[in-house]
Amino acid sequence: MSEEWILFLDFDDTVSNSKKHAQQYVSELSYLLSRDFGEAPEDWSPFIGQELSRLMERYTQVWTAKPVSGFKDWVERERVVAANAVFFQMGKEYSSDENLPFSEYLSQIQFDALTGTNALFEGVYESLQQIHERGVRIHMASSQESEYLRASVLGAGLDAFVERMFGPDLVDCPKEGTEYYKRIFDTCEIPANRAIVIDDQPHCLDWAEEVGARVIQSTLIDAAIAPEFPVALSNWSDLPLLLNPYLR
């Protein structure tokens, strides 16, 4: 097994402002669907936002506190369910006669929309560049699925630093317990005590710490809230220094 360090980054509210990113995503999707199927982007936007919210509600109902296999197939099905609902409400139909199959079209339009987004917190790019140059490997560890992460990382210009996108589909297990972290560490063939996990959600850090990882709590959204863990990240420019005790 390698003795290198790997940094595992959550995406939403750790690397990227989730509210701003979601707004950008809906805006980009609305533009692309307007281009392909007509109507104004502002006609598409409310239905897209509504179905993304419903998708999150279904995730909560199905997966909360259930770190078990099956996520990969579920997220692929749910993407189609959400898109069908948007098309129905807009009175549109998708024909695959001269186009991609619907599921492939949805994957492509998601990619195109997300590569047009960038809601990074200030200092993320510069800090990750420094950390990468120090030889630390960097992966994503997020509840967003891997293709969503890949496109978002490209849109934010972080693809030169971030290697693997551990959305739950990549290990077929939702980010709902220790099993998720066990699977990503096993996939990387790294001992848990050589992993550093940064996340804004305390329960995720609890799971990572229980497995044996080192953890840092992101407090970028509301630095006024007292962190629950000894090491906290309130400014991205501080991260290279925060990592020094681990990397010596």
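In which handedness of crossing does α2 pass α3? The views below, taken from a predicted model, begin with this pair; local features need pLDDT of at least 70, side-chain atom pairs count only at pLDDT 80 or more, and totals for chains, interfaces and linings use all residues. Residues are numbered from 1 along each chain as its sequence is written, and side-chain values use heavy atoms, with hydrogens and water left out.

**Figure 1. Helices α2 and α3 pass each other in a right-handed crossing.** Helix α2 covers residues 41-63 and helix α3 residues 71-90; their axes come within 9 Å and cross at roughly 150 degrees. This angle makes α2 roughly antiparallel to α3. The contact involves Asp43, Trp44, Phe47, Ile48, Gln50, Glu51, Leu55, Arg58, Tyr59, Val62 and Trp63 of α2, together with Phe71, Trp74, Glu78, Val81, Ala82, Ala85, Val86, Phe87, Gln89 and Met90 of α3. By type, the contact residues of α2 with α3 comprise 15 nonpolar, 2 polar and 4 charged. Helices (H or I, at least four residues) are DSSP runs, numbered from the N terminus. Axes are lines fitted to C-alpha atoms, for helices over the stretch in contact, and angles run from 0 to 180 degrees between N-to-C directions. Angles under 35 degrees count as roughly parallel, over 145 as roughly antiparallel, 65 to 115 as roughly perpendicular and the rest as oblique. A crossing is right-handed if the near helix is turned clockwise from the far one by less than a right angle, and left-handed if anticlockwise. Contact means heavy atoms within 4.5 Å. Ala, Val, Leu, Ile, Met, Phe, Trp, Tyr, Cys and Pro count as nonpolar, Asp, Glu, Lys and Arg as charged, and the others, Gly among them, as polar.

**Figure 2. Helices α5 and α10 are roughly parallel.** The axes of α5 (residues 124-133) and α10 (residues 239-247) come within 9 Å and cross at roughly 30 degrees. Ser127, Gln130 and Ile131 of α5 meet Leu239, Pro240 and Leu243 of α10. The contact of α5 with α10 has 4 nonpolar, 2 polar and no charged residues.

**Figure 3. Cys173 and Cys204 are both buried.** The relative accessible area is 0% for Cys173 and 5% for Cys204; buried means under 20%, exposed over 50%, and partly exposed in between (1.4 Å probe, protein chains only). The sulfur of Cys173 lies 12 Å from its closest cysteine sulfur, in Cys204, which is too far for a bond. A search of the whole structure finds 0 disulfides, a disulfide being a pair of cysteine sulfur atoms within 2.5 Å.

**Figure 4. Glu39 and Asp172 each have a positive phi.** Most residues other than glycine have a negative phi. Glu39, in the loop between α1 (18-37) and α2, has a phi of about 70 degrees and is partly exposed, at 44% relative accessibility. Asp172, in the loop between α7 (168-171) and α8 (178-188), has a phi of about 50 degrees and is partly exposed, at 25%.

**Figure 5. Ala83 is a buried residue of helix α3.** Its relative accessible area is 11%. Apart from neighbours within four places in sequence, Ala83 is in contact with Phe102 and Leu106.

Technical notes
Helices (H or I, at least four residues) and strands (E, at least two) are DSSP runs, numbered from the N terminus.
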